[in-house]
Amino acid sequence: MKGSTTIRLGCGGGFWGDAYDPAAELVASANLDFLCFDFLAELTMAILHRQKSRAPELGYVSDVVPFMSNLATQAREQGTCLVSNGGGANPAAAGRAIADALAQRGLRGTRIGVVSGDDLMDRLDELIADGVPFVNSATGAADLSTIRSRILCANVYAGSEGIIDALAADADIVVTGRVADSALFVGPILQRLGKGYDDPDLVAAAIVAGHIAECAAGCTGGMSSRFDEMPHMGRAGFPIIEFAADGSAIFTKLAGTGGRVDQFTVKEHLVYEIGDPRRYAVPDGVADMTSPRVAELGADRVKVSGSRGTGRPSQYKLLIGYSDGWIGEGLMMFPWPRALDRARKAETTLRERFERMGLVADAIEFSYIGVNTLHGPAAPWPQDDNSNEIGLRVAVRTRTRDEAEKVRRACSHLWIMGPGGTSFGAPFKPRPAISLWPTLIDRELVSHHMEIIES
C-alpha cells in the first residue's frame, strides 16, 4: 500500500540463532506491514564465505530458510512482507532454497526478491589495480598486499536501494546479502511512504528507528543494565515500530509478552554502537543521535521524534575478512579450599608445559573466572582465598594449527598434573582465527542487483 501514512514494522531476530517464537507471535498477532530480520554480525560473512568455498550452494544463514518458509503462509495472509539479510555470502542460493522449501509446502507463487551487489571479492584485484587505496580505517595500514593471499571475504555494507526495488516489484519475501542493519527498516519505510533519499531528516528518522529495533529483544529488556528487573525475559516480546509519515515512531510490543519497553530500554539501544553520536553514518544517510526526543506514552509505549540528519555519505564501509592464524584454548574449574591459589598454580604449570613443548605463540592470555574475566586488569584481586570455585581460562594465538593443538594437549596434561577435584569438561579443538580490515570505498564503485524468484 504505497503512500500509507503509518507503517507497522517488527523485528523478527537480532542475530543468527535468535529465538523463532517471538517472530511467529508477531506474524500471528501484530498486524505488521513488514517483519525484518537482522541475521548478520561482523565475523559472520567470513564464516559464510568459507562455507560457500566448500559448497557453492551454501554460504547463507541456515536459519533463513526455515524462518522464511515457516512464516510465509501466515505472513501472506496477514499482508506482512518478510525482509532479511540472511542471504549472507550467497543471497541467490538462499532465495532458491526458500523457493524450494515453499514449493514443497505447496505455497506456489510467492515472490522472493534477492538483493546482491555487496560482495566485492571477485572484483578486489581489479579495484586494487585501479588504485583504490583500501586504507585500514582502524590502524591506518595501507598495504593490502600483506594480507591479500589470506583474504576470505570483502563485503560492502550496502544501503536500502535493493530492498526498495524488491518491494516495488511486489516481493513477498526479501533476502539480501550484506546490507547495513538499519537498511532492513529504512527500505520498507521509504518504499511504503513513496519517498527517496532527498529528505535527510526523514531518512535519519528511519535510520534511528531501525537502529533502536534491529537487535530485537535489545530494546524490550534484553542487553539492559536493568536486565534483572525485567519480567519474564524467557518469553520476551520482540519490538514493534509504528512509524508515521512525519518521522515520529512509537516503539511497543505485544501485550502479554515478557520484557519491557520504556524510555530507558529505548535510550540504551539508541546509543548502542554509534561512535560519534552527532554523525552516525550508514549508507542511507547520517543521523544525529543527539537530536531525537524520547517520551513514554504509557506502559510499553515509547515515542521517538525530532530526528535530524544529513545526506548519504559518499563512501561505503567495506569490511575485509582474512585468515589470521589459529587459537588454542583451555578452561578448567578449581574447587574450594584455596581455589584461587590452585588456579594460579595451574597457570604456572601451564606456562612450564608450554615452554617444555616449545610452543610458538603470538600471544598468551590467562584470565580467572570469578575474578577478572570480564573486567581484566581493572578488577581488584580478592582479599582472601575463600571462593567456592575459581575458573582458569587460557587463550593462545598461534600461526599454525599444530601450535594451537599444543595448547589443548597441555591443558589435558593437568588432568593428572593438576589438583584433585578439578573439572575440565571436553577439551577445546583449535579453531581458525579471522581478523577484519575495515576500510572505505567510493559509492560509485558499487552497484546493487535485484532479481525476483518465484516459488
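In this predicted model, valine 286 has threonine 310 in β13 as its bridge partner. Local features require a pLDDT of at least 70 and side-chain atom pairs count only at pLDDT 80 or more, whereas totals for chains, interfaces and linings use all residues. Residues are numbered from 1 along each chain as its sequence is written, and side-chain values use heavy atoms, with hydrogens and water left out. Helices (H or I, at least four residues) and strands (E, at least two) are DSSP runs, numbered from the N terminus.

**Three-stranded sheet**

- The strands β9, β10 and β13 form an open sheet in the order β9-β10-β13, with antiparallel pairing; two strands pair if DSSP finds at least two bridges between them.
- Its edge strands are β9 and β13 (308-310), each of which pairs on one side only.
- Neighbouring strands of this sheet are turned by 30° against each other on average, direction ignored.
- Between β10 (residues 285-288) and β13, the antiparallel pairing extends over three bridges.
- Helix α8 (residues 200-213) lies across β9, β10 and β13 and runs at about 75° to β10. Axes are lines fitted to C-alpha atoms, for helices over the stretch in contact, and angles run from 0 to 180 degrees between N-to-C directions.

**Ten-stranded sheet**

- Ten strands form an open sheet with mixed pairing, in the order β11-β12-β8-β7-β1-β2-β3-β6-β4-β18.
- At the edges stand β11 (293-298) and β18, each with a single partner strand, so one side of each has no neighbour in the sheet.
- From one strand to the next, the twist averages 20°.
- Strands β4 (residues 111-116) and β6 (residues 173-176) run parallel and are joined by four bridges; valine 115 stands opposite threonine 176 in β6.
- Helix α1 (residues 21-29) packs on the sheet and touches β1, β2, β3 and β7, its direction making about 165° with that of β2. Contact means heavy atoms within 4.5 Å.
- Helix α7 lies across β1, β2, β3 and β7 and runs at about 160° to β1.

**Helix α7**

- Eleven of the eleven residues of α7 (residues 183-193) are buried, so the helix is largely enclosed by the rest of the structure. Buried means under 20% relative accessible area, exposed over 50%, and partly exposed in between (1.4 Å probe, protein chains only).
- The buried residues of α7 include Phe185, Pro188, Gln191 and Arg192.
- Among the elements that cover them are β1 (6-13), β2 (34-37), β3 (81-84), α6 (161-168), α8 and β7 (240-244).
- Glycine 194 follows α7 and has a positive phi, near 70°.

**Arginine 443**

- Arginine 443 is found in the loop between β17 and β18 (449-454), and it is buried, with a relative accessible area of 16%.
- Leaving aside neighbours within four places in sequence, arginine 443 is in contact with Glu161, Pro283, Arg312, Pro313, Ser314, Gln315 and Tyr316.

**Largest pocket**

- The largest pocket has a volume of about 630 Å³.
- Of the 25 residues that line the largest pocket, Tyr157, Tyr280, Ala281, Val282 and Lys317 are the closest to its centre.
- On a 1 Å grid over the protein atoms alone, a cavity is a set of points where a 1.4 Å probe fits but cannot get out; a pocket is an open set with protein on both sides within 12 Å along at least five of seven lines; lining residues have an atom within 4 Å of a point.
- Grid points are joined across faces, edges and corners, and a volume is the space filled by probe spheres set on the points.
- At least two lining residues each come from β9 (280-282), β14 (315-335) and β17 (431-442).
- The lining of the largest pocket divides into eleven nonpolar, seven polar and seven charged residues. Ala, Val, Leu, Ile, Met, Phe, Trp, Tyr, Cys and Pro count as nonpolar, Asp, Glu, Lys and Arg as charged, and the others, Gly among them, as polar.

**Cavities**

- The whole structure holds three cavities of 30 Å³ or more.
- The largest cavity has a volume of about 100 Å³. Of its 13 lining residues, Leu331, Cys411, Trp415, Phe424 and Pro427 lie nearest its centre.
- Two or more residues of that lining come from each of β14 and α11 (401-417).
- The second largest cavity holds about 50 Å³ of space, and its lining includes Glu42, Tyr157, Arg178 and Leu436.
- The lining of the second largest cavity divides into seven nonpolar, two polar and two charged residues.
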